[in-house]
Amino acid sequence: MEVWKSGRFLIGATGVGFAILILTSGAFAGIAMEFDRATRKAMKGDAAGARQEYAAFLERAPEDRLAPVALLAIAEIDLGALGDTVAGLSNLERVVLAYPRSSCARDAARRQGDCLGARGRWREAGEAYALALRLAEGATSETAAGWTTTVTQAAADCYGRAGMEAEMVATYVEALEGEPSPEIAGTALSRIAAYHVARGDEAAASTAYERLLREYPSSEHLADALARREMIAKHHAIAWTPFDAYAAGTSLVAARDYPAALAKTEEALAAAPPPALRECLEYRKITLETTIAGDYTEGCRRLRAFLREHPDGLRSRMAKETIEGRYGPIAEIEAAVAKQPQDLELLQTLGGSYTNAMAGARAVEILERAREIDPADAQTHLLLGYAYSQIGRSKEALEAFEIYLRSNPEDTTALNMIGYGLLGQGRAEEAIPYFEKYAALAPDDPNAHDSLGEGYLAAGRIEDAAREYERAVGINRDFSNSHFMLGRVYRALGRLDDAVRAYERFLALASAGPQAEEARAAIRTIVSGAGEAREN
Amino acid sequence: MADLLTRRGFLRKAAAVSAGAFFASGDSARRSVAGASLDLLQAPFDLAVVKGDSPARNCIAALDALGGLSRFVREGAKVAIKPNPIGTSRPERAIHTNPAMIEAVIRECFRVGAREVVVLSNDDLRSMELNGTADAVAAAGGTLKSVTAKSDFREVLVPRGRILRRIELAADIVEADCFINMPIAKHHAGTQVTLSLKNMMGSIWDRMVFHQTDLHECIAELGSAVYHDLVIMDANHVLRTNGPAGPGQVSRERSVIAGADPVAVDSFASRFFQLEGGQVRHIRAAYDLGVGEIDLAKVRVKELEI
């Protein structure tokens with residue numbers, strides 16, 4: 001029916017006469033206005049009023065493309081502002097039943113999973129998430145980035161909490177049968193393998209790990225497979241050398257030892273890696289050589305050639321993002337600097353871009369040229385501070401930040417950087433005053449309290465750290481890192497129930513990644529009561 | 001205790017902080033277009049696109065083509081304006097909304113009877129001073145605010161949100177009788193373009209969740225929660241590459257685009273980047289959420305050369 005478009009745009013499409021005709025009937029204009037009024041009322045804090053407008057829209061135009069959007073909005077208002085869980089869940093159900101082909105259906109099912117999970121109804125939550133995944137398969141519009149990964153993870157997690165391990169594995173198996181992202185595929189295979197290991201079925205576990213090695217070596221779970229090599233070797237013939245060299249290279253990249261990482265990459269490539277691993281290694285070789293040489297124009301050319309060879313591979317998305325977000329812009333600014341080598345702003349931009357691209361040495365070279373042009377320019381010193389920090393020249397970094405701070409004494413970013421610079425040198429007591437000043441200048445900034453918490457923690461002042469992390473999440477309840485750190489701090493203080501809650505809150509915000517793994521492991525350990533000392 | 005810190009590298013946090021740093025009841029036009037007969041008769045167009053050499057004159061001509069600013073700003077109204085004021089370079093580098101346009105709009109607001117005009121963004125005040133925004137606002141009698149404290153924001157519902165449930169939006173926008181979004185058309189490395197929908201990220205407290213989840217989807221959801229009375233897009237100079245901070249390739253388009261529908265305005269402005277609105281995911285997602293019209297064939301556009 002598309003009443004929405006009619007209401008807003010067709011009014012004048014054929015001129016004023018047609019508009020007057022519509023005004024006479026009033027119907028189309030009324031519907032458009034209801035949708036608009038809902039936006040305005042919600043923005044002004046009138047949740048009940050907004051709900052009424054969406055309901056009026058829905059009543060008049062139940063077949064409009066925006067009808068499921070309106071019904072889902074009603075459910076959200078019920079659940080959120082009005083706190084009516086029963087009505088909210090019921091309206092979510094209506095979205096699923098009435099508009100199963102709409103993308104809103106999958107979102108409604110997911111929201112059901114969130115609500116039920118938050119109330120500890122794990123089985124129902126798992127089923128709701130599983131339904132969301134099935135509905136997503138039939139939806140016409142694409143899901144948000146990471147949607148399938150997150151929902152699959154949530155479904156499996158809820159099933160796991162409900163003790164429904166077979167369903168948990170089935171969720172992952174189903175994910176693998178579709179077209180999973182490399183991230184979810186790696187996680188799925190690792191979890192399936194762990195499930196079989198726990199049941200003593202080493203052959204099945206080895207098969208899952210072997211597939212992870214063969215198809216998804218970029219997974220963060222690669223280390224799980226490598227740790228089980230003796231078991232896997234009984235069932236599959238694997239050449240471990242390239243995997244070991246790749247894993248060693250990953251650690252060296254994280255430590256920013258790029259020449260050593262490159263050497264490991266070349267060692268892996270020389271050891272006849274399987275195709276998926278070869279692709280990852282080739283991508284890494286290009287990016288490492290580009291970073292070391294600082295020739296981003298050449299880096300762009302090589303990555304484009306790489307993409308032609310691997311248009312849909314494990315590293316294609318990353319390669320595209322690197323070209324568009326890092327190498328391309330840098331190559332362009334380099335060309336501008338070549339034409340105007342004395343342009344301070346261009347040099348600063350180029351230096352900052354190199355820092356962002358983790359090419360600290362080149363950034364320092366450029367920014368030191370900028371400093372020669374205008375030694376008094378504070379911005380140059382700030383950027384130099386970042387660049388020096390990146391390549392481990394901590395003393396010079398601190399000096400640069402201090403110079404910048406003289407003319408910008410209330411720049412909280414610089415205060416934070418200095419604080420972390422000192423922490424990085426193990427000088428926690430000296431770092432704390434900078435973090436305290438940051439927190440005093442920006443008392444409403446959760447990051448300030450998070451940083452101060454980190455400073456206190458490094459100085460062994462755990463209670464003070466807990467207080468600051470609590471402040472951070474008090475300001476922004478979605479500030480995930482502070483929830484995670486609160487989990488650690490509470491655990492260290494023996495406040496185990498609080499620790500579990502903090503970790504769970506963190507997991508609700510960030511369900512993937514190393515911190516999430518640590519949080520899950522901590523919860524399991526605390527709940528099982530293994531070796532944990534409670535405060536009382 | 002040290003091991004509690006080992007997993008969080010100094011630079012990781014630093015990078016995040018650095019990225020953060022860089023990075024009424026009155027009747028509005030749309031409601032008037034939809035329901036008020038007199039305003040409807042005066043406003044036969046949804047979008048006005050004016051080309052000319054003077055950004056300020058383009059701006060006023062675009063407002064005139066929409067029936068005049070008095071259709072959007074009532075006497076005694078508080079008006080909130082959100083420009084894109086980042087960077088310290090000249091307007092010709094197309095990094096920030098042209099201050100001459102901001103000045104012209106503020107003067108026009110007062111001319112039609114506005115009680116108060118607040119120009120705001122959660123960007124650094126120092127850059128707004130250096131790029132001329134502060135002088136322009138002061139010259140026209142407006143108030144400039146760098147909204148960077150938590151107390152500058154108010155929690156707002158996002159009923160149509162899938163990722164966002166609530167956002168903390170600049171209180172001046174929530175409280176205003178009329179909200180005018182004044183972006184500049186730029187390339188953006190993360191979102192292809194930054195136009196009016198993306199510009200709203202400069203009016204919220206916590207942008208981190210956008211980056212941690214799905215930037216395009218969050219931008220669309222933010223658009224669904226903010227009632228735009230008017231969008232006035234600076235496309236006098238358009239940053240075609242290396243946005244949003246530049247420097248990059250700039251094309252001189254000599255244009256201002258104005259309208260009440262942010263999706264329609266953004267869809268039109270996408271053309272400067274050889275894109276259709278539907279090819280930009282956050283514009284498409286905003287359309288899917290009912291924020292506005294993406295199909296320019298359904299939008300009445302008035303194009304003028306002055």
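Predicted model: local features only at pLDDT ≥ 70, side-chain atom pairs only at ≥ 80, totals over all residues.
**Chain A as a whole**

Start by selecting chain A and colouring it by secondary structure. Chain A has 30 helices and 0 strands. Of its 536 residues, 51% are buried. Among the contacts in chain A with a separation of 6 or more, 48% join residues 24 or more positions apart.

**Helices H9 and H10**

Next, select residues 147-161 of chain A, which form helix H9, together with residues 165-177 of chain A, which form helix H10. Their axes come within 7 Å and cross at roughly 165°. Angles over 145 degrees count as roughly antiparallel, and H9(A) and H10(A) are therefore roughly antiparallel to each other. Their crossing is left-handed.

Show side chains for the residues that meet here. From H9(A), these are A:Thr152, A:Ala155, A:Ala156, A:Tyr159 and A:Gly160. From H10(A), they are A:Glu165, A:Glu167, A:Met168, A:Thr171, A:Tyr172 and A:Ala175. Sorted by class, this contact has 6 nonpolar, 3 polar and 2 charged residues.

**Helices H29 and H30**

Move on to residues 496-509 of chain A, helix H29, and residues 514-528 of chain A, helix H30. The two axes come within 9 Å, with a crossing angle of roughly 150°. That angle makes H29(A) roughly antiparallel to H30(A). The crossing of H29(A) and H30(A) is left-handed.

On the H29(A) side, select A:Leu496, A:Ala499, A:Val500, A:Tyr503, A:Glu504, A:Phe506 and A:Leu507, which make the contact. On the H30(A) side, the contact is made by A:Ala516, A:Ala519, A:Arg520, A:Ala522, A:Ile523, A:Ile526 and A:Val527. What classes of residue does the contact of H29(A) with H30(A) have? There are 12 nonpolar, no polar and 2 charged residues.

**The largest nonpolar core**

Now select B:Val79, B:Val105 and B:Ile232. In the largest nonpolar core, which has 246 residues, these three touch the most other members. The largest share of this core comes from helix H5 of chain A, residues 67-79, with 10 residues.

Which residues is B:Val105 in contact with, leaving aside its neighbours within four places in sequence? They are B:Cys59, B:Ile81, B:Ile180, B:Met182 and B:Ile232.

Definitions and conventions. Residues numbered from 1 in each chain as written. Chains lettered and ligands numbered in written order. Axes fitted to C-alpha atoms, helices over the stretch in contact; angles between N-to-C directions. Helix = DSSP H or I, 4+ residues; strand = E, 2+ residues; numbered from the N terminus. Parallel < 35°, antiparallel > 145°, perpendicular 65-115°, else oblique. Left-handed = near helix turned anticlockwise from the far one by under 90°. Contact = placed C-beta atoms within 7 Å. Nonpolar A, V, L, I, M, F, W, Y, C, P; charged D, E, K, R; others polar. Buried ≥ 20, exposed ≤ 12 C-beta atoms within 10 Å, placed from the backbone. Core = buried A, V, L, I, M, F, W, Y, C linked by C-beta atoms within 7 Å.
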